[in-house]
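Please have a look at the structure first.

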Amino acid sequence: MSYGSISLEAHTSLARAMNKLGGRSNTGEGGEEHRRFVPQPDGSRNPERSAIKQVASGRFGVTSHYLSNADEIQIKMAQGAKPGE
């Protein structure tokens, strides 16, 4: 889920849990704070880092640094209609 649709604490907790389980969390359109890319003092990956970085038409601030810290890049091509809108 996107940071913005859920709290920073929830987004970080999901990433930590997925990393601990060997899964992959997705940043969603909201991106991710740069501090979560910083490796641990022993050189290992930050447990708060999302493995999948999402890029969408509404995502500003996409940089090479953001993308190079991804195991996978998800490119969102379109948004479906939302009921009631």
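The report below goes from the overall layout to the strands, the rings and the charged pairs.

## Ground rules

This is a predicted model, in which local features need pLDDT of at least 70 and side-chain atom pairs count only at pLDDT 80 or more, while totals for chains, interfaces and linings use all residues. Residues are numbered from 1 along each chain as its sequence is written, and side-chain values use heavy atoms, with hydrogens and water left out.

## Overall layout

The protein has two helices and two strands, and from the N terminus they follow the order α-β-α-β. Both kinds of element are DSSP runs numbered from the N terminus: helices are H or I with at least four residues, and strands are E with at least two.

Of the 85 residues, 32% count as buried. Buried means under 20% relative accessible area, exposed means over 50%, and partly exposed lies in between (1.4 Å probe, protein chains only). The accessible surface is about 5500 Å², and carbon and sulfur atoms hold 56% of that; such areas come from the Shrake-Rupley method with a 1.4 Å probe, and for residues only the protein chains shown count as cover. Among contacts (heavy atoms within 4.5 Å) with a separation of 6 or more, 51% join residues 24 or more positions apart.

Helix α1 covers residues 8-21 and includes T12. T12 has a relative accessible area of 9%, so it is buried. Beyond its neighbours within four places in sequence, T12 touches R35, R36 and E48.

## The paired strands

Strand β1 (residues 52-55) runs parallel to strand β2 (residues 72-75), and four bridges join them. For two strands to pair, DSSP must find at least two bridges between them. Across this pairing, I52 stands opposite E72 in β2.

In a regular strand the side chains alternate between the two faces of the sheet. In β1, I52 and Q54 point one way while K53 and V55 point the other way, and all are buried.

## One aromatic pair

How many aromatic pairs does a search of the whole structure find? The search gives one. F37 and Y66 have ring centres 6.2 Å apart and planes at 50 degrees, so the pair is tilted. Rings of Phe, Tyr and Trp (its six-membered ring) pair if their centres lie within 6.5 Å; planes under 30 degrees apart are stacked, over 60 edge-to-face, and the rest tilted.

F37 sits in the loop between α1 and β1 and Y66 in helix α2 (residues 64-68), so the pair ties together parts 29 residues apart in sequence. F37 is buried at 5% relative accessible area, and Y66 is buried at 1%.

## Salt bridges

Side chains of opposite charge can pair when their charged atoms come close. A salt bridge here is a side-chain nitrogen of Lys or Arg within 4 Å of a carboxyl oxygen of Asp or Glu, and the count comes to eight. One of them joins R36 to E32, with the closest N and O atoms 3.3 Å apart; both residues are buried. Another links E33 and R35 at 2.9 Å between the closest N and O atoms. E33 is partly exposed at 30%, as is R35 at 42%.

R45 also forms a salt bridge with D71, the closest N and O atoms being 3.1 Å apart. R45 lies in the loop between α1 and β1 and D71 in the loop between α2 and β2, so this pair ties together parts 26 residues apart in sequence. R45 is exposed at 54% relative accessible area, whereas D71 is partly exposed at 32%. Finally, salt bridges that share partners join R16, E33, R35 and E48 into one network.
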